[in-house]
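I opened this entry to keep track of what I looked up, one item after another. The sequence and the structure come first, and my notes follow.

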Amino acid sequence: MYGIIILILFPLVVSGLCSLVKDLRIQYAVSLLVALLHLSLSLVIFLGLLQPQLPTFFGIDSLNKLFLLILSNVYFWVVLVSYSYLQKPVMPNAEKGKKNYFLFLNFYLAANSAALLSNHFGMFWVAAEATTLSVVPLIYFYRNEEALEAMWKYLFLVSIGIAFAFIGILMLTLSAKGTIIEGEQLFYDEYIRNANLLNPIWLKASFIFIFVGLSTKIGVAPMHSGDVDATSNAPSPIAALMSGSLRLTALIGVMRIYQILRPTSSFEFSRTLLIIGGMLSLFIVFVYIFKVRNYKRMLAYSSVEHLGLITLGIGFGGLAFIGAMYHAVYNSMTKVVLFLTAGNIHRNYKSREVDNVRAVLNILPKTGWILLLAFLAISGIPPFGIFFSEIKIYEGMLFSDKPYLLALVMFFLLFIFVNMGKIIFTMLYKNSADEQPQTGTEQFELSHIISIILLIMLVVIAVASPDILYENISNIAHDFGMKL
Amino acid sequence: MENVLSILFCLSLFYVSITSRVKALVSVLIAQGLILVVLLMIPFIYEFSVFGIILPVTVLLVKVILIPRYINKVILDLDIKRRFEPTIQQMVFLPLVIVSMTVIFITASILSENTALDVIPFASGFSAIIVGIYIIMFRKKLIVHVCGFLILENGIFLFGTSVASDMPMMIEIGILLDVFVVVFLMGIALNKIKSTFEGFEVTHLGRLKD
């Protein structure tokens, strides 16, 4: 019982508490405590030291163990940095948003944990919709026109997307008509066990609806637009949270239905759809990265790119699947660093336009160096983790039945890398034409420390490659019926 | 009985396609909510259970009372004009709806040969989903988009009852609660949009693009 209390109920209670307590410091302290407890328990569960008993509709397996740890990790760092972020808001009208910031943050944690831990499609749906509801007020934090538009679009698009996913879930029940699980509850393991009995037509329809619907939340093209708008206009810690964990919460829904389809005759169909989704995401980013002049939007597109790679890895299976799971871990941490750095730049330059940001390395040397390192990390330069996970995905693709797609992926990624590099280096080095080079000293802030810790973690996890992580990921692959 | 109610539900969709008044949409939402409540009450004719009554009562509360009242309040508060201009004419909209419905009904009857499903409720539910999407696509006013979203949700609900999915009641109520909060948040957002953009049409939302 303690599992559900710490992971879901406690954040929910603290969320209520935050609406009663007005003092921001107390809200922060309690939220940090919740985040720490959540992280510790997720870590203990991940290491296999504890196996908490969860009530009906919830369960723990290798897949959600990993994703829960990713969520706790991202959430902990975001909460840690939140107080100092709220002290120095970028825009004056953010004052009103502060009041309910921690309330929704805790609600976000509860909803995401519930979605990840659910082992029932209905429960997953309710919790996934709740994650949208928790994040929408946070997107509107800055209270300006862009934030309002982003919030409306995100709320509307994702609500419709999730409604589509619900149709998919209903079709899944239709696929079970006439089998022994007809009229049974929508538990994942029941469906996985009896997958071969299900009606393939309804199963395919169900996959289309769930995949397309949840794509609005994952940010897989062509349903990515609401997500990109929201990520680029939300405050940086929230953007980090969305890129690092919220997208994965939606992805787990797609992975569950994919797991059901794997042993059936509809498998090839679902696999093709995943690959198309992944390739299309990379293509869209490839096109837009030439046009984008807003660095937070660029990072949002980078999230679309990396989620596209993960989807591609899942679709290809085998070694690419292993790579995709590693990629989910590394991408989440790198995105936190990137968005926190972008937040620092936004605060100092008061603009999200690349053209207004110049000579970051001179004016904000610490932020500049971290941005440079984070850019190298996200582009897959060794020794950062993403290098190793991408190599695995590519290797899996190369030895699959569609190796030619790898050439296309490489082509897209090369241009994405070059254009992202161009934007980042313009921000870092270029001086304005009429100005003398400025130099500035920058104070060491909490966000810098967090970024450095995360960058070190990225290298250490990648180089040391802990057995427990590999073991867990191969267990996931095993659950999906893959031979390695 | 289910079929009669589903056909009534379909008729409400035709009304939605030809009306150009915001209030009429809200009345349709109430009517659809009532149809769903009656549909959920049918099993009680044969067997009454106190526990089972919770779901119809919640649907009544959320879909018939709370949401329409809230939308009416938003309309009054924001002083939204009663009529809305479509981006395509009603004369095009109605045939589009009729053609889509025909296709859905035929497809459903073909599908029912392989799978046991109630064709009429199934197809009616799916038609409502499609009509909801059309409303969102072809209307400019944001409040009408919210109504379109709710018609879509009602369609999913009808669709859900037709496939006889056994969702546990706790989850059904969770779903209703989620929908209500979505509408509530949309109402708040509309309020902000009115004060920020001086209007609530989708054409005002064009700042974010590459």
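**Notebook: salt bridges, fold and interface**

I began with E190(A), which is partly exposed because its relative accessible area is 22%; on this scale buried means under 20% relative accessible area, exposed over 50% and partly exposed in between, with a 1.4 Å probe and protein chains only. I noted that this is a predicted model, in which local features need pLDDT of at least 70 and side-chain atom pairs count only at pLDDT 80 or more, while totals for chains, interfaces and linings use all residues. Residues are numbered from 1 along each chain as its sequence is written, chains are lettered from A and ligands numbered from 1 in the order in which they are written, and side-chain values use heavy atoms, with hydrogens and water left out.

I then looked up the partner of E190(A), and found that R193(A) forms a salt bridge with E190(A), the closest N and O atoms being 3.7 Å apart; the term means a side-chain nitrogen of Lys or Arg within 4 Å of a carboxyl oxygen of Asp or Glu. The two residues are separated by about one helical turn, because they lie 3 residues apart in helix α8 (residues 188–193) of chain A; helices here are DSSP runs (H or I, at least four residues), and strands are E runs of at least two, numbered from the N terminus. R193(A) counts as exposed, at 57% relative accessibility.

Next I turned to R271(A) and E268(A), whose side chains meet in a salt bridge at 3.6 Å, N to O. R271(A) counts as buried at 6% relative accessibility, whereas E268(A) is partly exposed at 40%.

Which residues of the two chains touch, and how many? I found 46 residues of chain A in contact with 44 residues of chain B, where contact means heavy atoms within 4.5 Å. Across this interface the rule finds 0 salt bridges. α7(A) gives the most to the side of chain A that touches chain B, with 21 residues.
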